[in-house]
Amino acid sequence: MQVSMTVNGEPVTRDIEARMLLVHFLRDELGLTGTHWGCDTSNCGTCVAWLDNEPVKTCTVLAAMAGGHEVRTVEGLEQDGRLDPVQEGFMQCHGLQCGFCTPGMMMTARALLDRDPDPSEETIREALSGQICRCTGYSNIVRSVQWAAAHGTTAEPEEPTIEPAGSAS
Amino acid sequence: MTIAEERKKVDHVDNDQKPLGHGRMLRKEDPRFVRGLGRYCDDVQLTGMLHLAILRSPVAHARIVSIDTSAAEAHPKVKAVVTGAALAELGLAWMPTLSNDVQAVLATDKVRFQGQEVAFVVAEDRYAARDALELIDVEYDVLPPVIDVRKALAADAPVIRDDLEGKIDNHCFDWEAGDEAATAAVFERADVVVTEDIVYPRVHPAPMETCGAVADFDRVEGRLTLYSTSQAPHAHRTLYAIVAGLPEHKIRVISPDIGGGFGNKVPIYPGYVCAIVGSIVTNKPVKWMEDRTENLISTGFARDYVMRGEIAATRDGKILAVRTNVLADHGAFNGTAAPVKYPAGFFGVFTGSYDLEAAHAKMTAVYTNKAPGGVAYACSFRITEAVYLVERLVDCLAYDLDMDPVELRMKNFIRPEQFPYTTKTGWVYDSGEYATAMNKALELAGYEELRREQAERRARGELMGIGVAFFTEAVGAGPRKDMDILGLGMADGCELRVHPTGKAVVRLSVQSQGQGHETTFAQIVAEEIGIPPEDIDVVHGDTDNTPFGLGTYGSRSTPVSGAAAALVARKVRDKARIIASGMLEVSVADLEWQKGAFQVKGDPGRSVTIQQIAMRAHGAGDLPDGIEGGLEAQICYNPSNLTYPFGAYICVVDVDPGTAQVKVRRFIAVDDCGTRINPMIIEGQIHGGLTDGVGMALMEMISFDEDGNCLSGSLMDYLIPTALEVPDWETGFTVTPSPHHPIGAKGVGESATVGSPPAIVNAVVDALKPFGIRHADMPLTPSRVWDAMQGHPLPPI
Ligand code: FES
Ligand code: FES
């Protein structure tokens, strides 16, 4: 079947099997591999992206169900070359280690901050409680979200702290 | 509270104890991860790539009568279907494990655990591959399984490993440490002996990324490129050369970004071998990614020790000896990843942090119809089990002596002047200041105030518990005279190249799974050679581009590879000094190192920077006699001993008297890992390990029914802590450098996973003191705590 949707502001159309999950559509069809997959039972949250501004587990949504809707993934967080404060916060507060849960955590955090710009620690933990991180023990994730809250909901031009590691020579 | 205040509250950082060089530097790997641009195994897409799925056994023990693959082969999108019989023709049906056992790649004769690999399909897409699995028809002749480890050696137990010549029982190996007779003599004359049966249940590391591989075999060149979720790419390459008979120089193993490992990604799994075979038979790149159920039911589990522990002491609390008898469940194949001479890993450090007169451990390991594995989940080669045993025993002793658990520990610690300290099981602890760390934890926790609060709450009928644990780990395997894996010495190479403009690249044999090596190794080299860490690129995870070494597990990266990085940098610096002496026209002895430059002694105006030296090393000008151009070096570091990090942990829990739900209210962790490279990264690793501890102590367990069905095959059944189950961690530290490590650092990645379970269990048992409970086994779920409160704390298996 043919499905069309908007992903990170870009219209896309693909021919897919009706049973294809949104997570596989994003990853395999569109090459947006920032959205991860980590379980068979909708428990881990590594697959979280937005469907019409709501964070959803994309392993639990058929790509066909997203037809005609707007999807936003981790790749869409950075705007005009500026990192979202959530992204900056995760770097500043060591909110990630292996980075596998991170896109999902950041998408949920962004949605939370859009609703509640100054959430309590309890609210942040609650918001993230459908997702698992096996590396960080959550304290630094909570701090990363607090950092983002303290630094505004629109990206300010933060000095990039460290350049990405380049390729080997 | 501002973030800055919040940070202060939690970190308890002693700013006078400066970490190495660039300290809390932000991570170099993060810019790609926060953009969703990490490259994990499943992100690898190659032209023409096919997808592989594995058919697994639905039963724990059965003879395979027949396999019919015709319907699967007829599926229009299927490119290949391979069974054990087909692999047997290629001599690939069995592969060696890391413990000198063999494991079936695909079952030929019998299946020996639920989830065992039986056949695989390669198809055009991942959905079609899974569809085709449904079309394979396997007839099984079901056999009685061995599930209860205590019955594995019964005379009438079915023999699982009849593939092994002459095997007539389920015995796997025996192991022993310490002096049995001397220990018995001490127990004989002790005032007090406490005996407890203690189970460390089977758990699973369950990293968020499951295991997988993309194999790409180039038929013309005879060259295999394997992207895989491997914590040890070099060791894997050598094993593939041995298993598959491919020449080693034609194999390239690439470990891309890894979504957590925790020991789960040390062994070679049948799936990796299947992917390689799939690529060879289809002549196309082939991807295999297991699903979560496959990960939980078939890949390396951890623990599964049934222990009887005994501790002997004087009436006033001087601990004299410990001994234990362990029954170890190794599953259907001995897939333990541990140094060959250490089949029980480093369980021998079960004497803990105490000065004892004698110790003895005896272990019997058996086969059962469960998945293989054993050493995983940040266990530092079974030190989790060892520390849990001794720290529970010490608390049981404190209970019987009616003594404060802190006082009892303080009284028995190995004293600073006793280091290096040889334990009764032969381990040489390098350095320690145990009482200092303990005092620090007491202070951070406000221990006395907590005890007062507990007394008040108890008087009101509330169940508050305070748990204390102290651990010593042995990490950084290891000296090659003692330690090897399948004959490969556990040393690590490191190569450093300084480019003409003074930028550098350091190549490692260890493999980050989130530990931040791209940052910390740049910091180590920066500290030694004075080039800023931003100018140092760290390359790892590619056997074609890094020197040989055994990889990252058992907290060995900093103790072994970190030492290699420091030493290779010193080697480059030594060469730089000679070149500098030529540039400044003074003798080498007249130069002093000023972190980044050589300066003529007593003449600050005359100096050359490392960047200037690098340009000269590659330039057209003359170099001192006998000095070749270029500025680079390579070494292979063979550690002289392990490093022995330690820590004092205090946990505060509240148990709901109505529901038996345990809530971890506070957790204070004071760790000593010697010289600290990047405190931010250390704390992060501690936080993660403490969360593992909450999981193991309260939630996680891989369990089976009597038929051998795994009951924990999804994240709905295998519970991992979320942000709601853990408190905001409170960390502190002391610094006792390792005397033999070049920068005094010790491993730390697994410390918290080792030290936290006993602290949490000790806290829960302490909370249950009004019920007269001395011990209760993990996982302390509400129903198990409830049982304990009713007076029957049952073992979990
Ligand atoms: S993949 Fe685990 S919740 Fe979606
Ligand atoms: S950073 Fe590894 S799972 Fe969260």
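Modeller: In this predicted model, the lining of the largest cavity divides by class into 12 nonpolar, 23 polar and five charged residues (Ala, Val, Leu, Ile, Met, Phe, Trp, Tyr, Cys and Pro count as nonpolar, Asp, Glu, Lys and Arg as charged, and the others, Gly among them, as polar). Because the model is predicted, local features need pLDDT of at least 70 and side-chain atom pairs count only at pLDDT 80 or more, while totals for chains, interfaces and linings use all residues. Residues are numbered from 1 along each chain as its sequence is written, chains are lettered from A and ligands numbered from 1 in the order in which they are written, and side-chain values use heavy atoms, with hydrogens and water left out.

Nine cavities of 30 Å³ or more turn up when the whole structure is searched (on a 1 Å grid over the protein atoms alone, a cavity is a set of points where a 1.4 Å probe fits but cannot get out, and lining residues have an atom within 4 Å of a point). The largest of them holds about 550 Å³ of space (a volume is the space filled by probe spheres set on the points, which are joined across faces, edges and corners). Its lining comprises 40 residues, and those nearest the centre are B:Q515, B:Q685, B:V748, B:G749 and B:E750. Two or more lining residues come from each of helix 14 (517-529), helix 15 (557-584) and helix 17 (679-699) of chain B (helices, H or I with at least four residues, and strands, E with at least two, are DSSP runs numbered from the N terminus). Helix 17 of chain B contributes the most to this lining, with six residues.

At least two lining residues each are supplied by helix 1 of chain A and by strand 1 (50-56), helix 5 (126-133) and strand 14 (286-289) of chain B, and the largest share, four residues, belongs to helix 5 of chain B. By class, the lining of this pocket has 12 nonpolar, seven polar and 11 charged residues.

The sheets come next. In chain A, five strands form an open sheet in the order 2-1-5-3-4, with mixed pairing (two strands pair if DSSP finds at least two bridges between them). Strand 2 (10-15) and strand 4 (54-57) of chain A are at its edges and have a single partner strand each, so one side of each is left without a neighbour in the sheet. Within this sheet, strand 1 (residues 2-7) and strand 5 (residues 70-72) of chain A run parallel and are joined by two bridges, and A:T6 stands opposite A:E70 in strand 5 of chain A.

Chain B has an open sheet of three strands in the order 6-2-8, with antiparallel pairing. Strand 6 (110-111) and strand 8 (137-142) of chain B are its edge strands, each pairing on one side only. Over two bridges, strand 2 (residues 62-68) of chain B pairs with strand 6 of chain B in the antiparallel sense, and B:R63 has B:K110 of strand 6 as its bridge partner.

Definitions and conventions. 1 Å grid on protein atoms, 1.4 Å probe; cavity = no way out; pocket = protein on both sides within 12 Å on 5 of 7 lines; lining within 4 Å.
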